[in-house]
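Here is a short report for a first look at this structure.

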Amino acid sequence: MTSTVTPEAAERKDSSDTAAPGPRRRRTDRIRRIGLPYLLLLPALILELLVHLVPMVIGIVMSFKELTQFYIRDWGTAPWTGFGNYKVSVDFSAPVGKALLHSFFVTVGFTLLSVAFCWLIGTVTAIYMQENFRGRGVLRALFLIPYALPVYAAVITWVFMFQHDNGLVNHVLHDQLHITSKPSFWLIGDNSFYALLIVHVWKGWPFAFLIVMAGLQNIPKELYEAASIDGAGMLQQIRRITLPSLRPVNQVLVLVLFLWTFNDFNTPYVLFGRSAPEAADLISVHIYQASFVTWNFGTGSAMSVLLLLFLLVVTAVYLVLTSRGRRSADV
């Protein structure tokens, strides 16, 4: 006996077969959709773990050990000292703590000045470069050269320029302009702080220029046209339109510049070598000297952990204050 299937029954069967998938298939699709982003992030997370987190944990463990040159070959056998390294680091009446406190204040002053100059020069230059004039593209490319240069090549060039006898800086200031009465020592003494500041600002302001210039592209030109019709001058437009519109960009820019400057090691190390002058003794170089010159890795690790905690606190306070300011401005 043969059964016949009508076209209506076949259509109903096909529609039932192609209906919504079952619970198992929906669950599989959901897992695939949710797990794919984490799968793509997995290589970056592994590299972050190996490059940053694992050395950070090892450094924290080392800060609780009496790790000196006697235990370099097998640092795991170094005796535990508890918070002894931290007590030595924050004992500001002792030589180690007093030197660390001096380095901290030098770093704070250097960071504040460097961030201020980088932001000011970068912002002024970015605003000026918004105007259309011949050669603007060439100037933009030239301004980014200090930031694009490798730090070692750039700083070594400044080392030659700061030389006492045949450096370009003394040649211009003393021989050409007669501003100084005699050639100055820029890489030793008190002038080393200003030399370090000049080099860091020269290399850092193009980054601020690049970020601010990108932020300016998001400001509608109609705002400036309306302000110009209302009689607002250039300074009023910058004060009322440009700076308020750049507030989110500047909040991130200042934080990044602060963290980069406070942690900068390459610039002072290449400029002064392993032993920085007292006036330019940044905390990054100071920790390096405490670890690799005196071979006291436990104390150096404790200083590094204290620096990390300080930067975390400053970052948290800064983010809280800026978020409150952003909410009040929106209201």
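Predicted model: local features only at pLDDT ≥ 70, side-chain atom pairs only at ≥ 80, totals over all residues.

In it, W295 is partly exposed, because its relative accessible area is 41%, between the 20% and 50% cut-offs. The residue sits in the loop between α14 (283-293) and α15 (297-330).

The backbone of W295 also deserves a look. Its phi is positive, about 60°, although W295 is not a glycine. Most residues other than glycine have a negative phi.

H178 counts as exposed because its relative accessibility is 61%, and the cut-off is over 50%.

## Aromatic rings

How many aromatic pairs does a search of the whole structure find? The count is 24. One of the pairs is F143 with W205: the ring centres are 5.4 Å apart and the planes meet at 65°, so the pair is edge-to-face. The cut-off for that label is over 60 degrees.

F143 lies in helix α5 (residues 136-143), while W205 lies in helix α9, so this pair ties together parts 62 residues apart in sequence. The two partners can also be described by their accessibility. W205 is buried, with a relative accessible area of 12%. F143 is partly exposed at 22%.

## Helix α9

Helix α9 spans residues 191-216, which is 26 residues. From its first C-alpha to its last, α9 reaches 37 Å. That is close to the 38 Å expected at 1.5 Å a residue.

Where does α9 bend? The bend is at G204 and amounts to about 30°. A proline, P206, follows within four residues. Helix α9 is mostly covered, with 19 of its 26 residues buried. W205 is one of the buried residues in this structure.

## How α4 meets α9

Two packed helices are described by the angle between their axes and the distance between the axes. Helix α4 (residues 95-128) packs against α9 at an angle of about 40°, and the axes are 6 Å apart. That angle makes α4 oblique to α9. The crossing of α4 past α9 is right-handed.

Key
Residues numbered from 1 in each chain as written. Heavy atoms only, no water. Helix = DSSP H or I, 4+ residues; strand = E, 2+ residues; numbered from the N terminus. Expected span 1.5 Å × (residues − 1). Bend = angle between axes of the 7 residues up to and from the residue. Buried < 20%, exposed > 50% of the residue type's maximum accessible area, 1.4 Å probe, protein only. Phe/Tyr/Trp six-rings, centres within 6.5 Å; stacked < 30°, edge-to-face > 60°. Axes fitted to C-alpha atoms, helices over the stretch in contact; angles between N-to-C directions. Parallel < 35°, antiparallel > 145°, perpendicular 65-115°, else oblique. Left-handed = near helix turned anticlockwise from the far one by under 90°.
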